[in-house]
Amino acid sequence: MDRHITLGEFIIENQKDFPYAKGELSALLSSIRLAGKVVNQQINKAGLAEILGKAGKENVQGETQAKLDIMANEVFISTLKNRGEICGLASEELEDFLAFDEDMHKDAKYVVLIDPLDGSSNIDVDITVGTIFSIYRRKSEPGTKVTMEDFLQPGDKQIAAGYLIYGTSTILVYTTGNGVNGFTFDPGIGSFFLSHPQMKFPEKGNIYSVNEGNYVHFPAGVKKYIKWVQQIDENDGRPFTSRYTGSLVADFHRNMLLGGIYLYPQGTTSPNGKLRLLYECNPMAFLTEQAGGKASDGFRRILELQPEELHERVPFFCGNKEMVEKAEDFLKTSG
Ligand code: AHG
Ligand code: MN
Ligand code: MN
Ligand code: MN
């Protein structure tokens with residue numbers, strides 16, 4: 001990899017594309033970069049620093065929080081709060097949103113929604129995890145306290161979105177609506193370098209990512225789609241390959257690079273699936289579309305859904321356009 005362009009340089013060079021508040025959005029993206037570096041370092045030494053394992057508490061989702069869920073949440077909150085570019089933040093790990101209303105935040109125009117640590121179940125077994133973020137411009141007047149309305153905006157209002165993947169390398173991938181770019185972290189130098197310019201789903205894909213243990217609960221259309229991907233057809237490379245880590249970030253990143261579909265459908269015991277619209281599906285859907293793919297709930301475009309609650313869940317199908325459309329066809333005809 002040529003170490004030509006750092007993430008910092010790229011953000012500044014491309015801020016001309018931002019519709020407004022150029023300097024502030026650049027500063028906000030830089031804050032996310034900084035928090036990502038801190039979380040990356042903590043994750044890398046987790047086994048030594050004794051911060052693996054459960055924290056003994058549950059979050060609002062009813063999930064047991066891992067120590068690293070809490071640590072990553074705190075790092076992102078403190079880093080973003082202390083730099084004053086945002087007036088509010090919502091997180092998977094917090095029941096309510098936070099309103100920042102100290103003097104330093106009075107001109108802040110942005111709110112951030114985050115999944116601080118995605119793939120928590122993989123932390124203790126040394127499998128890739130991530131962080132997902134989503135940025136909106138506030139709807140309420142600057143200088144006033146943020147309201148729920150500032151957070152419950154449809155995904156097509158996102159100003160920027162992205163993720164950090166803490167894998168064999170740590171990579172930050174983001175979009176501001178002008179394509180998707182990925183930056184690999186060089187730990188020796190302490191900087192992210194442009195390694196994946198203008199990321200696009202390949203034309204064709206042959207990977208499907210789904211928790212097939214839930215098969216019995218899936219709608220008939222999804223069951224038929226799964227059977228279809230497992231049939232032999234040399235024309236489109238079937239049977240497809242199954243790959244599923246249990247970290248959305250890892251499954252998404254692989255599918256965007258190699259071509260594939262990620263599914264977390266509704267089930268008989270989970271009518272809206274598992275993934276959260278605001279801080280998992282919307283940012284991934286924004287990235288998906290910017291990379292030439294498609295993201296839907298099986299019927300409707302994710303980015304047009306009007307959120308009703310901070311932690312609402314939604315069935316999620318995303319990846320190569322053609323593959324998602326095929327799954328949608330099965331849902332349309334079989335329900
Ligand atoms: P989180 O760790 O942020 O709670 O997210 C977990 C999500 C997502 O990363 C993953 O794709 C999915 O849950 C896995 O769920 P299953 O274990 O039900 O397959
Ligand atoms: Mn969780
Ligand atoms: Mn998650
Ligand atoms: Mn999480």
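1. Ground rules. Residues are numbered from 1 along each chain as its sequence is written, while chains are lettered from A and ligands numbered from 1 in the order in which they are written. The model is predicted, with local features needing pLDDT of at least 70, side-chain atom pairs counting only at pLDDT 80 or more, and totals for chains, interfaces and linings using all residues.

2. The eight-stranded sheet. Let's begin with the open sheet of 8 strands, whose order is β4-β3-β5-β6-β7-β8-β9-β10 and whose pairing is mixed. The edges belong to β4 (98–99) and β10; each has a single partner strand, so one side of each is left without a neighbour in the sheet. Strands (E, at least two residues) and helices (H or I, at least four) are DSSP runs numbered from the N terminus, and two strands pair if DSSP finds at least two bridges between them.

3. Strand β5 and its partners. On one side, β5 pairs with β3 (residues 86–91) in the parallel sense over 5 bridges, and Leu89 stands opposite Val112. With β6 (residues 129–137) the pairing is antiparallel, over 7 bridges; here Tyr110 faces Arg137. β6 in turn is joined to β7 (residues 158–166) by 8 bridges, also running antiparallel, with Gly130 opposite Ile165.

4. β9 (residues 180–186) and β10 (residues 191–196) run antiparallel and are joined by 5 bridges. Asp186 has Ser191 as its bridge partner. The hairpin has 4 residues between the strands, and Gly190 takes a positive phi near 85°.

5. The annotated binding site. The unreviewed UniProt entry lists Asp115, Asp118 and Glu280 under "binding site"; such annotations may be inferred rather than shown by experiment. These residues span 166 residues in sequence, yet no two of their C-alpha atoms are more than 8.7 Å apart, so they gather at one spot. Leaving aside neighbours within four places in sequence, Asp115 is in contact (C-beta atoms, placed from the backbone, within 7 Å) with Glu92, Thr131, Ile132, Tyr279 and Glu280. Under the sequence cut-off of four places, the contacts of Asp118 include Gly130, Ser247 and Leu248.

6. The ligand shell. Which residues are around ligand 1? They are Glu63, Glu92, Asp115, Asp118, Gly119, Ser120, Ser121, Asn211, Gly246, Ser247, Leu248 and Lys274, taking a C-beta atom, placed from the backbone, within 6 Å as the limit. The shell divides into 1 nonpolar, 6 polar and 5 charged residues. In this scheme Ala, Val, Leu, Ile, Met, Phe, Trp, Tyr, Cys and Pro count as nonpolar, Asp, Glu, Lys and Arg as charged, and the others, Gly among them, as polar.

7. The five-stranded sheet. The other open sheet has 5 strands in the order β12-β11-β13-β15-β14, again with mixed pairing. Its edge strands are β12 (241–242) and β14 (294–296), each pairing on one side only. Within this sheet, 3 bridges join β11 (residues 207–209) to β13 (residues 260–264), which run parallel, and Tyr208 stands opposite Ile261.

8. Two helices that touch both sheets. Helix α6 (residues 248–258) packs on β11, β13 and β15 (316–319), at about 155° to β13, and lies across β5, β6 and β7, at about 100° to β7. Axes are lines fitted to C-alpha atoms, for helices over the stretch in contact, and angles run from 0 to 180 degrees between N-to-C directions. Because 8 of its 11 residues are buried, α6 is largely enclosed by the rest of the structure; Leu248 and Phe252 are among the buried ones. Just after α6, Gly259 takes a positive phi of about 100°. Helix α7 (residues 277–290) lies across β14 and β15, at about 150° to β14, and also across strands including β3, β5 and β6, at about 85° to β6.

Key. Buried ≥ 20, exposed ≤ 12 C-beta atoms within 10 Å, placed from the backbone.
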